[in-house]
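Colleague: Could you walk me through how to read this one, feature by feature? I'd like the general idea each time, and then the case at hand.

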Amino acid sequence: MSSRPRIKETPVTMDTFLKGIWEENPVFVMLLGMCPVLAVTNSTINALAMGIATTFVLLGSSALVSLLRRGIPKQVRIATYIIIIATFVTIVDYLIQAISLELYNALGAFIQLIVVNCMILGRAESYASRNNVTKSVVSALGMGAGFTIALLCLGTVREILGAGTLLGFPLFGADFEPWVVMILPPGGFFVLGSWLLIFALLKQRKTKMEELTRAH
Amino acid sequence: MSTVTPAQNSNTQNSAKMIKTLTLIAMISGLLVVLTFELTRPLIAENQRIAVEQAIYQVIPEAVDWQEYRLSDGKLLVASETTEGISIYAGFNQAGALAGIASEAVAQGYADSIRLLYGYNPACECITGIKILKSAETPGLGDKIFKDLDFIANFKALEAKLNGEQSALENAIITVKHGEKTQPWQIDAISGATVSSRAVGKALNDSAQYLLPRMVNQLTTIKQMSMEDETK
Amino acid sequence: MPTESLGFIFLNALIINNFVLASFLGICPFLGVSGKLNTAFSMGVATTLVMLISSICAYFINILLVTFDIEFLRLIAYIAVIASAVQLVEMSMKKFSPTLFRALGIFLPLITTNCAILGLALFQTYREYNFPQSIAYSFGAGGGFIIAIILMAGLREKLELADVPGIAQGAAMTLMLGGILSLIFMGFAGMGGA
């Protein structure tokens, strides 16, 4: 991730894919779609499921919007995008119910609330409506992966600290007293805040290094 | 407005195009949604059936078979898609005899409402088990209501005897402070999760006070119905 | 659970299960539009207004959906109704009260993608609230949103005078504040218990 391609020789599609993961990460950089990020990341498995569900919706809606982009009239484009997104969310909703009711109950209304995830509408409006299908799909995959990675970053930290487990398996001995607050709502805010702090720190250090090398 | 100016013409063309696109998208959407709905419906129904079945077998330990009934206006009917009323699940043991009935109960917990399924055995006039279906209780504290084994042991044989007139419970089910349980109809609360424990007690009491007096005469109906099933 | 009293539903949505701080709905405007106190208040009022309207619409749409047995279209129907309700509010506000429009207008398009609105419509359906209960719920949710966003805006205005280290400025700081507020609101939990 850290070695992002800058040189032209890497194919454009690789760059489009990686952009979503690092440079334009929807959660850590663009701060989009915060509600599910905070709400369903109290365990790793929930975070992973939510990430995959969101990626599926993003992929489907990006492909369809891109396919129909010449036919969609400007005046009603937002309404059209929302209908397309809602269609894919309904599909995901039923698929998850068919796969596991337990997972469905754990994620609650946040599956249906993928509809109003600003990231998806934002991608439809700013990317899929202007690029061809292949490019949109690759970019959607990248964005989805970036979103999933971000959710996992929160989910694992919150589960390890808040419950002392990872994917349900206990990590520490019986003596470990879990920080219950981490799987409660405040923990979501704190962990995401801490991640942002870490990224800000990394960025600051990097700019300093660059300045130093330039000075030499 | 009799002559159509070019601008208006392009407007109508635009509108026609707009309507055409929207219809197309609505059709694609509708097709996709209906297709998924139809394909996943049997799977979802099966998942739900398994979830209900597991819950029933948990709260009525002897049950190996079950049947859903609906209670409305003092009448008990075999549940179908159209019957309305409170769902009552009857569990049958290996011999095909009634092993107990199960029903849902609700009360306001610490965070949100707690929904649970409880089993009732008419032979011992007691509650034989509970299963929390939905709760948002605090992890580590309130969620002990389905993790704390001592608390769950309360519901292995919790007395729910009707009074002489069969109009209410003889002794209301009540949650008492941890370690102060003296009577078979009392629930020993979890220390540190009193609100959640009390909510479980309240849910059981509310539901049992309402349901058991109404069910007492219906039990024979269930027995008869199951007999008819056997003879078929 | 249609037996809950109106007052309880209102209080529950207002503070006990605050939409923003306990249920994580409407986080985007909570983080994005909480820089200034007046704008935050305007945003809150506009959101409450839209919540009320979409709650009423969702209630009747749900009756229609149930009657025709097409509940699988619920999500699409709700979001379409909310989007058009927002448009309608925007247009009528522009016509009848330009002053109000100048104050609230710019927030209205943003509100369409506020998950608190769709969340409210979905939750009231799941909880099978009747009409007055739905109204009480939407007022509680709107009020809760206003409380949360105003508290946050107040804190952030004060913080402008404080000397915050460079890396903690912006979103990270806002999230930490949100965490502390959320911690405070956890104290209200249990108020509805037995």
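Modeller: Let's begin with contacts: two residues are in contact if their C-beta atoms, placed from the backbone, lie within 7 Å. In chain A, residues 24 or more positions apart account for 74% of the contacts with a separation of 6 or more. In chain B, 55% of the contacts between residues at least 6 apart in sequence join residues at least 24 apart.

Colleague: Before we go on, what sort of model is this, and how is it labelled?

Modeller: It's a predicted model, where local features need pLDDT of at least 70 and side-chain atom pairs count only at pLDDT 80 or more, while totals for chains, interfaces and linings use all residues. Residues are numbered from 1 along each chain as its sequence is written, and chains are lettered from A and ligands numbered from 1 in the order in which they are written.

Colleague: How many helices and strands does chain A have?

Modeller: Helices (H or I, at least four residues) and strands (E, at least two) are DSSP runs, numbered from the N terminus. Chain A has eight helices and two strands, in the order α-α-α-α-α-α-α-β-β-α along the sequence. Its C-alpha atoms fill a box of roughly 60 × 60 × 25 Å along the principal axes. Chain B comes to four helices and nine strands, running α-β-β-β-β-β-β-α-β-β-β-α-α from the N terminus.

Colleague: And what share of chain A counts as buried?

Modeller: A residue is buried if 20 or more other C-beta atoms lie within 10 Å of its own, exposed if 12 or fewer, and partly exposed in between. Of the 216 residues of chain A, 49% count as buried; for the 232 residues of chain B, the figure is 34%.

Colleague: Which class does B:T194 fall into?

Modeller: B:T194 has 18 C-beta neighbours inside 10 Å, so it counts as partly exposed. It sits in helix 3 (residues 194-215) of chain B. An unreviewed UniProt entry annotates B:T194 as "modified residue: FMN phosphoryl threonine"; such annotations may be inferred rather than shown by experiment.

Colleague: Now helix packing. How do I read that?

Modeller: Two packed helices are described by the angle between their axes and the distance between the axes. Axes are lines fitted to C-alpha atoms, for helices over the stretch in contact, and angles run from 0 to 180 degrees between N-to-C directions. In chain C, helix 4 (residues 74-96) and helix 7 (residues 115-126) pack at about 130 degrees, with axes 11 Å apart. Helix 4 and helix 7 of chain C are therefore oblique to each other (under 35 degrees is roughly parallel, over 145 roughly antiparallel, 65 to 115 roughly perpendicular, the rest oblique).

Colleague: Which residues of helix 4 and helix 7 of chain C meet?

Modeller: C:Y78, C:I79 and C:I82 of helix 4 meet C:I117, C:L118 and C:A121 of helix 7. By class, that contact has six nonpolar, no polar and no charged residues (Ala, Val, Leu, Ile, Met, Phe, Trp, Tyr, Cys and Pro are nonpolar, Asp, Glu, Lys and Arg charged, and the others, Gly among them, polar).

Colleague: Last one: how many residues do chain A and chain C each give to their contact?

Modeller: It takes 32 residues from chain A and 32 residues from chain C. On the side of chain A, the largest share, twelve residues, comes from helix 8 of chain A. That side has 26 nonpolar, six polar and no charged residues.
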